[in-house]
Amino acid sequence: MVIDLSEFADRRIHENFRLSTPTRSPGRALNGREQILAGENAVWIARWNLTRIKGAARLRLLAMADDMRGRFGSIRLSVCNRGTLTASDGVAALWASLNISQAEISDGFTRYSDDTTFTDGTGFALPQGGEPKVSATTPAGATRLTLTGAIGLQLSVGSFFSHDDFLYRVAENDNGQIRFNPPLRQAISAGAEVQVSNPTFRGRLTDDDGFALFEEYYRRLQPVELVLVEDWTR
Amino acid sequence: MSLLFNGQPAAFREALQSDVAKTALCLELDFRSGVERMSDWNVPFLDANGNEWKPYRGLVSISPIEGSRSSTVVEFGLGIPWDFLGDDLQPLEARGLLLEKIGDMSDYAERVAKLSIQYFSRDAKDAFGRPVPVGSPFALCVLAMASVRASFSETRAELILTCESFLARAGAPVHSYLTDRDQQRRSLGDNGLRYVAEVTSTSQIWTTWD
């Protein structure tokens, strides 16, 4: 069962996602020094701090905790994508970020850099918002893909995107050709949307009583922190 | 041994001498019904021959591998395929299916299981940003699949694949004779060969009651 906590997203005060990569050491390498071995085994560990929740929301949360059954239940969170332009910012913000003038907006098209237009007096269509799309089918295990759409071209380094609740963080963006971590959990087909405005993540509690804090939370006003590890079940 | 190192590309030798290396533990099981390749990664990867190694799931555990001559058996813990655990199957039905597969020994018995380490380039990536393997997989052991056992309890289900060395098996000839002792070693409790006179090479002496 998937418990969706996205509706409480506006109550978060802190969220911290880190990739945990286990390494091992088989002993000395041929150079006589210890060799550290690593594979592609990184998993997300998420820490989510919530502010106080009142009334009906709290009751709903308690009901969700009942459904969760400790580590059995899967929790879906929406992740705040700071520092990058998203579709939810609206097209006005997108156009402003691309330095499109008011005149061009009122015309409904943009001009060449020397302010000329096509021979029929029109220009390039105004870029539209909307979630970026993947331009080519990309296999699981990949760490690079190409995004189309104005939002995808501008995705900031360090920002998130998600697909099917699997979360990825951008490491490089060269005009839509992005490199990211961790490697793709599952293949993405050409034309599929990735979520930038409202990336989602699915995780499990690291211990069965991880949700128990919510029971005491309203009374004692203690900070609530959920610690989750990436859930692979789909 | 020198052939092992000289036959590998320079990038592989560099990886062996490096302070850090990217590796994957690979298990290849040559079932009659098809080759299964699995690794300890959580995403798939392609080797130099274009074979895809499946992530996780397949390979759950490996018993300690010792280099001594007396230790010739390795046990691999395998993930139980979802086909046998699916939502629409009753537990008893799932067990039946699994045991049926285990009973089909020709699918695995005496066939090869290879455990190897694949090194990867630290920097080179393919078009999709996947790490590029360097050299051939470095074999840790090449074994013959011998037996499979499944155990079920309230909290877990286990599938253990026992593999034996081709060169020296635990106290037995390479290809075992059809003796009761060998049969007991492979399938404890199977008394099928106990009283076969031709096999045991003994003369049955019947009492004359005198």
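This is a predicted model: local features need pLDDT of at least 70, side-chain atom pairs count only at pLDDT 80 or more; totals for chains, interfaces and linings use all residues.
Q: Let's start with chain B. How many helices and strands are there in chain B?
A: Chain B has five helices and nine strands. Reading from the N terminus, its elements run α-α-β-β-β-β-β-β-α-β-β-β-α-α.

Q: How much of chain B counts as buried?
A: Buried means under 20% relative accessible area. Of the 210 residues in chain B, 37% fall in that group. As for its surface, the accessible area is about 12800 Å², and carbon and sulfur atoms account for 55% of it.

Q: Which residues have the most contacts inside the largest nonpolar core?
A: A nonpolar core gathers buried residues such as Leu, Phe and Met that are joined through side-chain atoms. Here the largest one has 30 residues, and those with the most contacts inside it include B:Leu27, B:Leu29, B:Phe76 and B:Met145. Several elements of chain B give two or more residues to this core, among them α2 (10-16), β1 (20-31), α3 (91-103) and β9 (157-165). A second, separate core has 23 residues, including A:Ile75, A:Leu167, A:Phe211 and A:Leu228.

Q: Which residues does B:Leu29 touch, leaving aside those up to four places away in sequence?
A: Its partners include B:Val35, B:Met38, B:Leu78, B:Val112, B:Met145 and B:Leu161. For chain B as a whole, take the contacts between residues at least 6 apart in sequence: 48% of them join residues at least 24 apart.

Q: Are B:Asp40 and A:Arg24 buried or partly exposed?
A: B:Asp40 is buried because its relative accessible area is 18%, under the 20% cut-off. A:Arg24, at 33%, counts as partly exposed.

Q: Where do A:Glu40 and B:Lys22 lie?
A: These two form a salt bridge, their closest N and O atoms being 2.8 Å apart. A:Glu40 is in the loop between β4 (34-38) and β5 (43-50) of chain A and B:Lys22 is in strand β1 of chain B, so this pair also joins two chains. A:Glu40 is buried at 12% relative accessibility, and B:Lys22 is buried at 18%.

Q: How many residues apart are A:Arg204 and A:Asp231?
A: They are 27 residues apart, with A:Arg204 in strand β14 (residues 200-205) and A:Asp231 in the segment after β15 (224-230) of chain A. Their side chains meet in a salt bridge of 3.2 Å, N to O. A:Asp231 is buried, at 2% relative accessible area. Salt bridges can also be linked in a network, as for A:Asp4, A:Arg76, A:Asp165 and A:Arg202.

Q: What is the count of disulfides over all chains?
A: A disulfide is a covalent bond between the sulfur atoms of two cysteines. The count here is zero. For B:Cys163, the nearest cysteine sulfur belongs to B:Cys141 and is 8.1 Å away.

Q: Which residues form a nonpolar patch on the surface?
A: A:Tyr112, A:Phe118 and A:Phe124 do, with about 260 Å² of accessible area together. A:Tyr112 is in the loop between β7 (109-110) and β8 (124-125) of chain A, and it is partly exposed at 38% relative accessibility.

Definitions and conventions: Residues are numbered from 1 along each chain as its sequence is written. Chains are lettered from A and ligands numbered from 1 in the order in which they are written. Side-chain values use heavy atoms; hydrogens and water are left out. Patches are made of residues with over 30% relative accessible area and no salt bridge: like charges are joined within 9 Å, nonpolar side chains (Val, Leu, Ile, Met, Phe, Trp, Tyr) within 5 Å. Accessible areas come from the Shrake-Rupley method with a 1.4 Å probe; for residues, only the protein chains shown count as cover. A salt bridge is a side-chain nitrogen of Lys or Arg within 4 Å of a carboxyl oxygen of Asp or Glu. Helices (H or I, at least four residues) and strands (E, at least two) are DSSP runs, numbered from the N terminus. Buried means under 20% relative accessible area, exposed over 50%, partly exposed in between (1.4 Å probe, protein chains only). A disulfide is a pair of cysteine sulfur atoms within 2.5 Å. A nonpolar core is a set of buried Ala, Val, Leu, Ile, Met, Phe, Trp, Tyr and Cys residues joined through side-chain atoms within 4.5 Å. Contact means heavy atoms within 4.5 Å.
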